[in-house]
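Subject: Structure handover

Hi,

Here is the structure I promised to pass on to you. Please have a look at it first, and then read my notes below.

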Amino acid sequence: MCSSHSPALSRACPSPRNRAKARAGSWQPGTLLAKRRSVAATNGKIVPLDQELLKAPTGVQGLDEITNGGLPRGRPTLICGGAGSGKTLLAASFLVNGVEQFGEPGVLMTFEETSEELASDLASLGLDLPKLVAEGQLIVDYVRVERSEIEETGEYDLEGLFVRLEHAVRSIGAKRIVLDTIESLFAGLSDPGILRAELRRLFRWLKDKRLTAVITGERGEGGLTRQGLEEYVSDAVILLDHRVQEQVSTRRLRIVKYRGSHHGTNEYPFLIDRNGLSVLPVTSLGLTHPALEERLSTGVDRLDDMLSGKGYYRGSTILLSGTAGTGKTSLAAHFVDAACRRGERSLYFLFEESPLQLMRNMRSIGIDLQQWVERGLLQFHADRPSRFGLETHLASMYRAVREFKPLVTVTDPVTNLLTVGTQSDVRSMLTRVIDYLKLESITGVFTSLSPGKTELEQTDAAISSLMDTWIVLTINEEQRQRRRWVSILKSRGMAHSNTVNEYRLTDRGFQVLDAESTREGRANGG
Amino acid sequence: MTASDEKPLGAIGAAPAQLTEQYILRLYVTGLTSRSARAIENLQTFCKKHLHGRYDLQVIDVYQQPELARTEQIIAVPTLIKELPLPLRRLIGDMSDEERVLVGLNILPRE
């Protein structure tokens, strides 16, 4: 601070009034600009809304988006959650990405698992700790606290821990640090008074050292963590949750607190798989997506005719609904085939059949999808709906879209997801998928299996309002013959046909016959 | 000092073999804080009294050798490690509680 005894210093140090002026004038804006620039430099895509607060990007897909740039730089963040909720993985990803993507060495202080255990656990999730340790970019220090081995004989402090940390940080110039899970100290040492005082000192020390720290804590009764760590870490708190409902598991992440920063407040689903952890930042993105004029062929000429001669809008959503055996999948396959012919990448989510089965079936009606798979234009994602919860499906669909970057997606059949969620859950999930697809101008086709003729339009009502185009396929029996009918119930932004046309599923695919006379009550397009 | 400390060791049930065992003790401190100094003093008094002539005490300042904090698993300071006789034991604190030091060094049985 300013010393009034030294003339030189007092000249350099402005009086309170001068200081205020200086803040408004000369140095402060420059500092802000520098900060803004450095935020922008760490992740080009993110708009730095928070000019005061520097961020340390985690490199975890999705997390940097919902935190608007990452964790608070130079400050501690608490990650809490129950056993198996992914705390350690998230913390370790923050360190590994710090080294690999942002050139920031890190120190991982582990209290529960040995370095070897940790390395083997994380290796299966795509994180290679030993490699970074060998490169001198990472230090993993296992702190062993075994109460049965320790005799307390009087006053002590945790300076040993500080010495270890400081030595590790200094020896590799660490910028990031993880303490996982420091609460273990409470199990190993008996004096909570000393521990609390030392934890307070530790967090102050981390801030003084300008280390971006992640502290993990086990979820406690009545509080976020067992030992009330949230009291000490006041900058940012992230809560991880792993719920199993009806034998279906869903992982969620929520930012409980982020001082001085905008952040998403929802619960976000996240995935843990061989690629590590990724958070699905999709929430309701709002209705700001572009409306494209370009039209895409359905792959069936006569159906294009019914859609004012040109087919679907690019970036629109299409619902194909019908009872079993009406050829919903065939119609979707035609569209994918047409997209691939134009050289557009297509992503096909299957919730009922295997890709091989689907390709065989489509071959029988003259659609060769195999060639597109071989050329890398078509990718299948097949999953049993019951394998995960809705959120997880949403997250994995999001990830697949993000990685493959398709222009066209098919979800077949979307109604199978109803088996793992209520209608309103499915609707809310679909809203998120659709918002995301629209934002990226990806055309989305959804097939919907109607259980019976009479319930046809009821079942689809829940999701149809999310769709721009709704095509209904029906079968009826006339004179011991099944006849199939296609009609367009609605198609926003075009003068579509109101007729119900007969079609056949032939060895050359979906063939719409010449227009039949309009059947009463079926053509109520809107 | 409590009255019980004045009793000879044999009277409180220590095995005679222990009386001849050599103790190797390492005391880890951080600098010359009053707590460090107190621990050193307490321990020296203790050793003279209970382990006279059969101990080797080394005092290590982890500020000077920080890498030892990691290799020796030092968290709390002061920490006293009894390397021999086995089993290895850790005692933390300023060694002011003589009875706990006796227990910690396995001279007194755990009650």
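Let me start with chain B: of its 111 residues, 47% are buried (buried means under 20% relative accessible area, exposed over 50% and partly exposed in between, with a 1.4 Å probe and protein chains only). Before going on, please keep in mind that this is a predicted model, where local features need pLDDT of at least 70 and side-chain atom pairs count only at pLDDT 80 or more, while totals for chains, interfaces and linings use all residues. Residues are numbered from 1 along each chain as its sequence is written, chains are lettered from A and ligands numbered from 1 in the order in which they are written, and side-chain values use heavy atoms, with hydrogens and water left out.

Chain B has three helices and four strands, arranged along the sequence as β-α-β-α-β-β-α. Helices (H or I, at least four residues) and strands (E, at least two) are DSSP runs, numbered from the N terminus. If you take the contacts in chain B between residues at least 6 apart in sequence, 66% of them join residues at least 24 apart; a contact means heavy atoms within 4.5 Å.

Now to where the two chains meet. On this interface, 29 residues of chain B touch 26 residues of chain A. The buried area is about 2300 Å², with 51% from carbon and sulfur atoms; this is the accessible area (1.4 Å probe) that two parts lose on being put together, summed over both. In chain B, the residues that lose the most area to chain A are B:Arg70, B:Ile75 and B:Ile92, together 31% of what that side buries.

The rule finds six salt bridges across the interface, each being a side-chain nitrogen of Lys or Arg within 4 Å of a carboxyl oxygen of Asp or Glu. B:Arg89 and A:Glu151 form a salt bridge through their side chains, at 3.5 Å from N to O. On the side of chain B that touches chain A, the elements giving two or more residues are helix H1 (34-50), helix H2 (67-71), strand E4 (89-92) and helix H3 (98-104).

Strand E4 of chain B also pairs with strand E6 (residues 150-152) of chain A, in the parallel sense and over three bridges; strands pair if DSSP finds at least two bridges between them. Within that pairing, A:Ile150 has B:Arg90 as its bridge partner.

Enjoy exploring!
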